Amino acid sequence: MKKQKKLRGTTMVSASASSGFPSHEELLQTLAAQNRPMRLDGLLRVLGLARRERKELEAALDDLERQGSALRLRGGLWTRPESLKSITGRFSALREGAGFVTPMRLTADDEQESPRWQFSGDKDIYIPSAQNGGAWHQDLVRVALLPGAQRGPSPEGRIVEVIERGLKEVPAHVVHRHGNSLFCRPADSRLPADFNVELPAGSEAPAQGTLVLLAPLKPLASDLWSATLLGNYGREDDVAVQEELVKLNHEVPRDFPAGALAEAEALPGEPGEADFKGRRDVRDLALVTIDGADARDFDDAIHVEEQSGGKGWILRVAIADVSHYVRPRGRGCPGALDAEALSRGNSWYFPRSVEPMLPEVLSNGLCSLRPHVNRLAVLAEIPFTAAGKPGKPRFSEVVMRSAARLTYDQVKACILDKDEAALADLRAQERGEEVLRMLEKALALYNVLRQTRRQRGTLDFDLPEAESRLDDLGRVVWLGHRQRNDAHRLIEEFMIAANEAVARHLRDADLPFLYRIHPDPDPERLESLFDTLEATGIENLPPKPAPSAMQGVLAAAQGTPQEFLVNRLCLRAMPQARYMPLNEGHFGLASTAYCHFTSPIRRYADLLTHRALKTSLGLDAGPLPAGQKLLRLADQLNRRERAAMACEREMDRRLGCLALLPRVGEHFSGIVAGVTDFGIFVELEAMPVEGMIRVEDLGDDWYDFDARTMSLVGQRSGVQWRMGQKLEVALSEVHLGRLEIRLMPLELPKGIGGRGARNPRSPRGSRGKGSPAGRAASGRKGSSSGWKLVSPGDGESRGRNDKPGKPAKNGKNGKKNGAGKSGRSGQPGGQSARKGKNGQSGKNGTGTPAKSGRPARSGKKTAGKRG
């Protein structure tokens, strides 16, 4: 018998020397003794096992992997989690189990009583669905980084420990009742378990389909937990119920902590003479607020004065002085209001409610610039020449009195339409004639500023917003486009001017503050964008893609059939604006320095800007954050802004589903807003809502997806479905639980070479050869149901990835039934159906729905509204 050779650094466990096959503990000891991951063959040698025991060894390792004690790496390598680098972070789940972990660290400073977890700012870690370790969305987890594994820019890892459950309460739907038990399914499809709820004897059971709130208790099986019933919200067609669900899904901040409420209640009901000391008195100026009819807070007022001799104008923008009342901790101030405002980051708007950044006594009272009452404000006075060139601005603390609370429609009727009835109503108000004369001057200045900004290269998409109407029961009775006019744009133009003036002033003063930056498009994205525009037939493109050419492309497409396509593609090619302590300019506004100053009631970033501005004027505003602390603040505010946007998108999608629920079977006009290898997205013309036509519903043909031209082309018929096409569709199904809207085409678009023309690239039913550039996806079969309503399917769906990127090299389709997936790439030349971050992948359900058109939030103010 051969003597077994002992390998250096091993704990040899011979099969003959032991009672047989090594125990789990011995396997773990062997893995721990290695200085590198091992394959099965290597472990067999180290353990002295015969090759016939390979399956038994693999089964034992699989068992250890299920217990979290061993890890299988790429290439069949095995190791212990402890041997890999690990990080702690918050898990953001996608719909099919995969997700991202955002790294966090325990931090403490003088202002904190105990250490707490904060985002570190490091790259997110991608977690494949098979490596999520049973974690739920929002769990605090420990992740082992997998060596050599990379998913795009993100490293890859495996969750090895759930440190803390992030969700203490879970909204769910009642599926059915069994005696005193309820079987419930989570409303957020990212959660991997259903729930069994035991009802107390004699209690009233919620009806089937009702939305309830549960507290998870313990696992009963891998996909079933016991839970306690906490609340019953009612029927799903009530917008208030949908709002509640979205707030729970996104953990929207609700009640203010006692400390913040106590600090707010200690403030005076109205500003007094002591508050006016040291302030300019501008109560004689006819400052007015102009907002939507259903606006809930008024934080900005404007006034325009014409300079003598036609030399230009003076623009005055007065902003509520929130920093006078909300102060950082220290110097006798508890800082509870400031800490809570930072935690929230911004206000969160819904159709029937708002979760404000500040308590209502401030946001809707002491800080709101209501008409004919004294208010504290920070005033920016900016002189402009007749050509629209700004001069040196002047900033000051003031006491003001708004002369009128005007609406956009009211200003349009008076100044643009010269409506006699509207003019008479305004003249009848206190100081009405003075306000009218001021508005005429404001309109003249607006026209000059708008033209000046266009000349410097600003990008103006002027995308329509949406509007909804509800009945007394809270049901959506109408959803459509909100009409925008020059009254909206006038306020936007003046707010942009004020934000730029403050940013330039603080930049020149060399003070730490947060810029609002919008970087130039990534060169690869830009090249991909122009490549796609050229492939879709857009003419007169510049020979070399450049950011400066985008304005010309948008202007050339305005009013043409290609306007929709060009606007969408250009939007998707641009990065997201964000807050940063370093100035990188604002590409979309063609601004060299920009910040947020005009909305401190609803954005914490603006509050920081006010404090920096006061410091520049020699006023006491408390210590200014700088360096790493300011960078962490920017990261926090960026995250809260993205969270609020995701919350709004889900609410929009729910409103769209509610509006369409009673209209199944109706016909609509629409336009193709996105194309993937598994179907096309259609935006309805009558309302800002998207639905999907699955590829199996496109007719009896096989389709090639060309990522360069963003089109699906029938191999046999030559029928081409592409972005920007107009078509008629029928509404086939609305699934509120999955937030899916399924459409059926009522007409066949024109084919390449005419209807029925055979595509010579590949025979029907075979895998497509691709586009001439070699970028087409493989062929996929449509159904033979024709263009008529068919029975809806139960297919789950994937979110779409709007991130522009390089064209896919092969565009592999995956399984044939991928047509049931209702996500979309939307990428100029991008790989279809690719999972993305922030919930843009996975099943298109409750938590992070596929993006659709955006129904209006009543009274909502967004950062985009005013720069």
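Author: At 41% relative accessibility, Lys-418 counts as partly exposed, and in this predicted model the residue lies in the loop between helix H9 (408-416) and helix H10 (420-427).

Reader: What is the phi of Lys-418, and where else is there a positive value in a residue other than glycine?

Author: Phi of Lys-418 is near 55°, which is a positive value in a residue other than glycine. Glu-251 is another such case, with a phi near 50°, and this residue lies in the loop between helix H4 (239-249) and helix H5 (258-265). With a relative accessible area of 36%, Glu-251 is partly exposed.

Reader: Let me turn to a helix, then: how many residues does H3 have, and how far does H3 reach from its first C-alpha to its last?

Author: Helix H3, which covers residues 54-66, has 13 residues and reaches 18 Å between those two atoms, close to the 18 Å expected at 1.5 Å a residue.

Reader: Which residues of H3 are buried, and why are they on the same side?

Author: The general idea comes from the geometry of the turn: an α-helix has 3.6 residues a turn, so residues three or four places apart point the same way. In this structure the buried residues of H3 are Leu-57, Ala-60, Leu-61, Leu-64 and Glu-65. They cover an arc of only 145° around the axis, and therefore they sit on the same side of H3. On the other side of H3, Lys-55 and Arg-66 are exposed.

Reader: What do the buried residues of H3 pack against, and what follows the helix?

Author: Those buried residues pack against helix H1 (24-33) and helix H2 (40-47), and also against strand S1 (71-72), strand S2 (78-79) and strand S8 (154-164). H3 is followed by Gly-68, whose phi is positive, near 80°.

Reader: How many helices and strands does the protein chain have, and what share of its residues count as buried?

Author: The protein chain has 17 helices and 35 strands, and 57% of its 867 residues count as buried. Among the contacts with a separation of 6 or more, 71% come from residues 24 or more positions apart.

Technical notes: Residues numbered from 1 in each chain as written. Predicted model: local features only at pLDDT ≥ 70, side-chain atom pairs only at ≥ 80, totals over all residues. Heavy atoms only, no water. Helix = DSSP H or I, 4+ residues; strand = E, 2+ residues; numbered from the N terminus. Expected span 1.5 Å × (residues − 1). Buried < 20%, exposed > 50% of the residue type's maximum accessible area, 1.4 Å probe, protein only. Arc of directions from axis to C-beta. Contact = heavy atoms within 4.5 Å.
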